[in-house]
Amino acid sequence: MTKRIPIIATLVVVLAVATMIGLGVWQLQRKTLKEALLVQYSAASKQPAVTWPTVPLPDKMPLFRKSSVMCLKVVRWESVSGKNAGGKAGFAHMAHCQVSGGEGPGAKVGIGWSARPEKPEWGGGPVSGVIAPDNQSVIRLIADTAPDGLEKLAPPSPDSISNNHLLYAIQWFFFAFVAALIYVLALRKRMAGR
């Protein structure tokens, strides 16, 4: 009796392998886009300062551009892990500022660094710095100078943005290869009648 190739199992494996290859190709496309974005971000520091965007547009993010805000009042403080300009680990102090008469979402400002998480004694004022990405507020301004009692934060850099898309693509292609190999070995074993 001849053994037949299992249609449903073959279809599932072919679809899975095709999906994994598609994900690998997608990661290669993302790698190209990320490289172009990183070149743009690297050039941003040489461009003129921009007005602080109260509502940043996702397709026109002014990351790594110089900007300034007038922090009328600190609404709340947040201390997160961060490094000073010398690379020492400690706490980055983020001031959530009221700007332009309290309208809009305000601004998140990385005002300075200290070794302790205690809230700084800073009530606001003009701040100039560099726009950096932020997981919660989309963007934040990292101050060029720190007020008394704090040290300057490490300046934001495009080098901190990872570009692992080539590794992800290789991983998806490897998964596709392994899935196909396992299927071929299982099919050979089945056809041999073991």
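These entries record what I looked up in a predicted model.

**Helix α1.** I began with helix α1, which covers residues 7–44. At 1.5 Å a residue, its 38 residues should span 56 Å, and I found the end C-alpha atoms 55 Å apart, which agrees. I then listed the buried positions of α1: V13, V17, M20, G24, Q27, K34, L38, Y41 and A44. These buried residues pack against α2, residues 165–192.

**The sheet.** I next traced the strand order and read it as β1-β2-β6-β7-β5-β4-β3. The 7 strands form an open sheet with mixed pairing. I noted β1 (50–51) and β3 (73–83) at the edges; each has a single partner strand, so one side of each is left without a neighbour in the sheet.

**The β3 and β4 pair.** I looked up how β3 pairs with β4, residues 89–98, and found the antiparallel sense over 10 bridges. For W77, I recorded A95 in β4 as the bridge partner.

**The core.** I turned to the largest nonpolar core, which has 24 residues. V69, V109, I111, W122 and V127 have the most contacts inside it. I checked which elements contribute: α1, β2 (66–71), β3, β4, β5 (107–114), β6 (125–134) and β7 (138–143) each supply at least two residues of this core. I note that in soluble globular proteins nonpolar side chains tend to be buried together.

**V69.** Which residues is V69 in contact with, leaving aside its neighbours within four places in sequence? I listed W52, V99, A107, V109, G125, P126, V127 and L141. Of these contacts, V109 and V127 are also among the core residues with the most contacts inside it.

Key:
Residues are numbered from 1 along each chain as its sequence is written. This is a predicted model: local features need pLDDT of at least 70, side-chain atom pairs count only at pLDDT 80 or more; totals for chains, interfaces and linings use all residues. Side-chain values use heavy atoms; hydrogens and water are left out. Helices (H or I, at least four residues) and strands (E, at least two) are DSSP runs, numbered from the N terminus. The expected span of a helix is 1.5 Å times one less than its number of residues. Buried means under 20% relative accessible area, exposed over 50%, partly exposed in between (1.4 Å probe, protein chains only). Contact means heavy atoms within 4.5 Å. Two strands pair if DSSP finds at least two bridges between them. A nonpolar core is a set of buried Ala, Val, Leu, Ile, Met, Phe, Trp, Tyr and Cys residues joined through side-chain atoms within 4.5 Å.
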